[in-house]
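This briefing accompanies the model displayed below. Please read it alongside the sequence and the coordinates.

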Amino acid sequence: MANIFEDGEVTIPEVLPLLPVRDVVIFPYMFLPLFVGREGSIKAVEEALANNRLIFLVTQKDPAQESPLPDDLYRVGVVATIVKMLKLPDGRVKILVQSLMKAGIVKYTQTEPMMKVQIEKIEEEVVTEITIETEAMMRNIRKQCEKILSLKGMVTGELMTIMHNIEEPGKLADLVISNLDLKINESQEVLETVDSVERLKKVNEVLNKELQVSTMQAKIQNQAKEEMTKTQREYFLREQLRAIRAELGEIDEQAGEIQEFSEKIKKARMPKDVEAEAQKQLNRFEQMHPEAAETNIVRTYLEWLIELPWSKATKDTLDIEKAKNVLDEDHYDLDKVKERILEYLGVRKLKKKMKGPILCFVGPPGVGKTSLGKSIARALGRKFVRISLGGIRDEAEIRGHRRTYIGALPGRIIQGIKQAGTNNPVFMLDEIDKVGVDFRGDPSAALLEVLDPEQNFAFSDHYLNVPFDLSNVMFITTANLVDPILSALKDRMETITLSGYTAEEKLLIARRFLLPRQLEENGITDQDLEMSDEGIFTIISQYTQEAGLRNLEREIASICRKVARRKAEGGKGPTRITKGNLHKYLGVPKYIPEAEQEENKVGIATGLAWTQAGGEILHVEVTSLKGKGNLILTGQLGDVMKESAQAALTYARSRAERWGLPRDFYEKMDVHIHVPAGAIPKDGPSAGVTMATAVASCLTGVPVRRDVAMTGEITLQGRVLPVGGVKEKSLAALRAKITTLILPERNRKDLEEIPPDIRKKINFVFVDNMDGILDTALAKPRKTGKKQASRKKA
């Protein structure tokens, strides 16, 4: 191998093994230790030791690169000699190197199993004359370097002596830059600068910036140190104060608090595992400094543990007759719910230990779901707690926050139990169908544990982190609709449907509950206000449109306020409210009842629909006109109603021959089906038979009886399928003075839900196909070619 240059007495070969180094840029004339662990790097060291101990050191661009390639390394480095080598037990090698001179990579001659490079010495011009500017710059660099090292606590007398003895600009720049903790790219840029004076200028710029950073860093450290010193001083003074108080015999507040906690833990009669956790936290609290941040967290946690009713319970009133009287006193009707509560009391009387029932009251707004929960609590002699779940989107609202969060609290369930003060209250979860979901979790899923009798005996709140027994709690949930409730959650609850009230029931409730309550709230008596039954009926039918009673009570309250004002102004004598003068107090009627048909008409049939406000009658109008066989649908019909209309027309076309119509009658006419109240969206399968009846009437010219209403879903074969909401629809038919109601045969079982007085006023006809409906609904017999289907009456 040819020699290309000599450095003093050391001959430098043209090709040397290459050792990539990380996190440091090595300058000439440096002594430093290196730890070598990569296989290729160890081979390079061994190669150097086997020959002339010379090795080429170059910095890699990315320190994280485990197996750097040529492109991952800088082109300029230093030639160094390995002074000492030591093998370590973990397989690594520690070497002490002395850098000799700068050199650049000409090319890579070998990359495996180690790198070898052909190098070229980088010559520096010797500065023979130092100008005044250069001298000033060198002095400035020495001064700034001393300041920076002093701020970092790294200044040594030996280093400063060396620095002051160096007179060559390039060597001073290399010494200074090698002793500062700079970025790799900044140090490499200085290394690659060949001109000594230019290199000195770059070092001067770097030092100016580094001095500002070091000054700010030292300032921040001093502030932190002062703050820490202040805290330590306060702690020392407080400890002295505690010692002085102890000498004076004054009461130690924390010791008194710990004693109080200890006594309350014993009185709380917690389960063993909970008491063990409470004692553990109390011991932690005792060891803490009173002013420590965590002291308040542990104190709050202990307060929650001792204030929860672990063993406090109210005694149930097991007098079934008394409970029945309480329920009847507070609510009219609702026999199903009352019967279920009395059944629970009966079982509870026979079996002392039993799990609390989990009921779900489903019904329209205002039917008394929430107030019924209060009555149940009163009947049982239990405390009542209510929380609203409407709009809750965070799972932590149910399970609580973990104590690691600032401001953490238990969930709404544990908060409600603490509020009740007993472990067996009647706990009402309102609006369970309006629980939301988002990125913070699903509250409905968290409720699965709460509302499962097989799991809630050990309910774990994230804040408490100990089990609490909820099995004695009677949970009652409420919802307007069942569909939005999570199916798994629905499966855990016993659903009881509360449908709307009839006008007669509303009248009785208004007389017995609403009117007396509003008279009392407005400061008047029954001597000041008299309301006739007709007046109340008019409020029910023309000023409210609801299944419940909220708006009815509001209207009664409005009348009471006007009477109270009249009395306050000196008016004398009772105020009588009748149907005739009601508009003076409540204004014009808000709802006009659906007009009764004066006579039987062709193409108009009366159907029944279910809404959240109860049942409603629905008139379906059909007319035919010349056209090309199109079906026109108007009245804001939903997809299901559109399909029902199409099925009704298809059924009519299939019966054309039996009805005496030409087989191709539909090819020369359009059929228009319209459902009045066009601004109101409508949907559902219940109007299928009504549409089919109206179409049949229009095509045959036979009028539909005005005193007949119907509901049911139709198939293409004319079969009539069952529907829901029979009770509500029956009430709507009664309000519209319908005397005959046609229902699907499979809805016969629902007749039991209808009050007996309504069954007496309406003639219920049950059918299983369209022919039976047409036999009843049309005003005169139709001409058919086959035997007419029979109908069944109840």
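Glutamine 646 has a relative accessible area of 40% and is therefore partly exposed; buried means under 20% relative accessible area, exposed over 50%, and partly exposed in between, with a 1.4 Å probe and protein chains only. The model is predicted, so local features need pLDDT of at least 70 and side-chain atom pairs count only at pLDDT 80 or more, while totals for chains, interfaces and linings use all residues. Residues are numbered from 1 along each chain as its sequence is written, and side-chain values use heavy atoms, with hydrogens and water left out.

- Glutamine 646 belongs to helix H21, residues 639-654; helices (H or I, at least four residues) and strands (E, at least two) are DSSP runs, numbered from the N terminus.
- Between glutamine 646 and methionine 691 the C-alpha to C-alpha distance is 9.4 Å, with 45 residues separating them in sequence.

**Helix H11**

- Helix H11 has 16 residues (335-350) and should span 22 Å at 1.5 Å a residue, which agrees with the 23 Å between its end C-alpha atoms; the expected span is 1.5 Å times one less than the number of residues.
- The buried residues of H11 are Val337, Lys338, Arg340, Ile341, Leu342, Tyr344, Leu345, Gly346 and Arg348.
- The cover over these buried residues includes helix H10 (320-330), helix H12 (369-380), strand S9 (358-362), strand S14 (474-479) and strand S15 (494-497), where contact means heavy atoms within 4.5 Å.

**Second largest pocket**

- The second largest pocket has a volume of about 920 Å³.
- On a 1 Å grid over the protein atoms alone, a pocket is an open set of points where a 1.4 Å probe fits, with protein on both sides within 12 Å along at least five of seven lines, and lining residues have an atom within 4 Å of a point.
- Grid points are joined across faces, edges and corners, and the volume is the space filled by probe spheres set on the points.
- The second largest pocket is lined by 31 residues, of which Thr497, Leu498, Ser499, Glu728 and Glu753 are the closest to its centre.
- Two or more lining residues come from each of H11, helix H23 (726-735) and helix H24 (756-761).
- H23 gives the largest share of the lining, three residues.
- The lining of the second largest pocket comprises twelve nonpolar, eight polar and eleven charged residues; Ala, Val, Leu, Ile, Met, Phe, Trp, Tyr, Cys and Pro count as nonpolar, Asp, Glu, Lys and Arg as charged, and the others, Gly among them, as polar.

**Salt bridges**

- The whole structure contains 31 salt bridges, each defined as a side-chain nitrogen of Lys or Arg within 4 Å of a carboxyl oxygen of Asp or Glu.
- Lysine 116 and glutamate 47 form a salt bridge at 3.0 Å, N to O.
- This pair links distant parts of the chain, 69 residues apart, with lysine 116 in strand S8 (residues 116-121) and glutamate 47 in helix H1 (residues 39-50).
- Lysine 116 is buried at 18% relative accessible area, whereas glutamate 47 is partly exposed at 25%.
- Aspartate 316 and arginine 382 form a salt bridge at 2.8 Å, N to O.
- Arginine 386 and aspartate 430 form a salt bridge at 2.6 Å, N to O.
- Because arginine 386 lies in strand S10 and aspartate 430 in strand S11 (residues 426-430), the pair ties together parts that are 44 residues apart in sequence.
- Arginine 386 is partly exposed at 41% relative accessible area, whereas aspartate 430 is buried at 3%.
- A network of salt bridges links Lys324, Asp328 and Lys338.

**Backbone features**

- The peptide bond between glutamate 112 and proline 113 is cis, with omega about -5°, and proline 113 is in the loop between strand S7 (93-110) and S8.
- Asparagine 465, a residue other than glycine, has a positive phi near 60°.
- Asparagine 465 sits in the loop between strand S12 (459-460) and strand S13 (467-468) and is exposed at 53% relative accessibility.
- Glutamine 636, a residue other than glycine, has a positive phi near 55°.
- Glutamine 636 sits in the loop between strand S20 (631-634) and H21 and is partly exposed at 41% relative accessibility.
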